[in-house]
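Please take a look at the following chain.

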Amino acid sequence: MTTSFTSMDTGTREQWEVIGKEHQVLQTSVPGRIKTMLRQLADIEGGFGVNQLVHSLQTATRAEQGGASDEMILASLCHDIGKVISVPNHPAIAAEILKPYVSAEVYWVILTHQDFQGRHYYQYLGLDPQSRQKHVGHPAYHLGEQFADKWDQTSFDPDYETLPLEHFEPLIDRLFSRPRAMVS
């Protein structure tokens, strides 16, 4: 069923209830769309020795083996998902996709992960390798360091035993099936 109004401010309670129900149905397709976007990362290499799907799977594998929370494992898997849309602002895209489904700390780690990664290569690009310093004092700073230094920047190894996407699908299904909170 669809509504017939042409302007949101003319909708009735009944019409908005229809829209609310349709959005609940739409929400059930989110895990599948996330998996599709992750699979699209296989087409992006960007000069690395592994494609971005393998990199994301390696990052999530390391996070899981490092004892990370389910939310942090999911975020590790999806941290570069924004590259499907735009490489320069992929952290913000990935963070916004994750925001309704993870804690504020995990959201922040993904939002700022490029600043933390800079320590490992920014000097070669004429950028400030200490860009993470502007975040010192944030409650999730140490999680950001752990993510960048232990899991993300080490995950470009074609010989690393990487868990497959299928291993992470139940986590994707569970955490993306229902937002923690409505986000504006």
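A residue counts as buried under 20% relative accessible area, as exposed over 50%, and as partly exposed in between. Aspartate 70 has a relative accessible area of 37%, so this residue is partly exposed. Keep in mind that this is a predicted model.

**Overall build**

The chain has nine helices and zero strands. Its C-alpha atoms fill a box of roughly 55 × 35 × 30 Å along the principal axes. Of the 184 residues, 43% are buried. Take the contacts between residues at least 6 apart in sequence: 64% of them join residues at least 24 apart. The accessible surface is about 10100 Å², and carbon and sulfur atoms account for 55% of that.

**Charged pairs**

The chain carries 15 positive and 23 negative charges, and their mean positions are 5 Å apart. Side chains of opposite charge can pair when their charged atoms come close. There are seven salt bridges in the structure. Three of them are listed here.

| Acidic residue | Basic residue | N to O distance |
| Aspartate 70 | Arginine 174 | 2.6 Å |
| Aspartate 80 | Lysine 83 | 3.6 Å |
| Aspartate 115 | Lysine 134 | 3.6 Å |

Start with the salt bridge between aspartate 70 and arginine 174. Aspartate 70 sits in helix H4 (residues 70-78) and arginine 174 in helix H9 (residues 165-176), so the pair ties together parts that are 104 residues apart in sequence. Arginine 174 is partly exposed, at 46% relative accessibility.

Aspartate 80 and lysine 83 are both buried.

The salt bridge of lysine 134 with aspartate 115 comes next. This pair links distant parts of the chain, 19 residues apart: lysine 134 is in the loop between H7 and H8, aspartate 115 in helix H7. Lysine 134 is exposed at 61% relative accessibility, whereas aspartate 115 is buried at 17%.

Salt bridges also link Arg132, Glu145 and Asp149 in a network.

**A nonpolar surface patch**

Tyr124, Leu125 and Leu127 form a nonpolar patch on the surface. Together they have about 370 Å² of accessible area. Leucine 125 lies in the loop between helix H7 (113-117) and helix H8 (141-152). Its relative accessibility is 55%, so leucine 125 counts as exposed.

Threonine 3 is in the segment before helix H1 (13-27). At 25% relative accessibility, threonine 3 is partly exposed. Beyond its neighbours within four places in sequence, threonine 3 contacts Gln15, Val18 and Ile19.

Key. Residues are numbered from 1 along each chain as its sequence is written. This is a predicted model: local features need pLDDT of at least 70, side-chain atom pairs count only at pLDDT 80 or more; totals for chains, interfaces and linings use all residues. Side-chain values use heavy atoms; hydrogens and water are left out. Helices (H or I, at least four residues) and strands (E, at least two) are DSSP runs, numbered from the N terminus. Buried means under 20% relative accessible area, exposed over 50%, partly exposed in between (1.4 Å probe, protein chains only). Contact means heavy atoms within 4.5 Å. Patches are made of residues with over 30% relative accessible area and no salt bridge: like charges are joined within 9 Å, nonpolar side chains (Val, Leu, Ile, Met, Phe, Trp, Tyr) within 5 Å. Accessible areas come from the Shrake-Rupley method with a 1.4 Å probe; for residues, only the protein chains shown count as cover. A salt bridge is a side-chain nitrogen of Lys or Arg within 4 Å of a carboxyl oxygen of Asp or Glu. Lys and Arg count as positive and Asp and Glu as negative; His and the chain ends are not counted. The place of a charge is taken as NZ of Lys, CZ of Arg, CG of Asp or CD of Glu.
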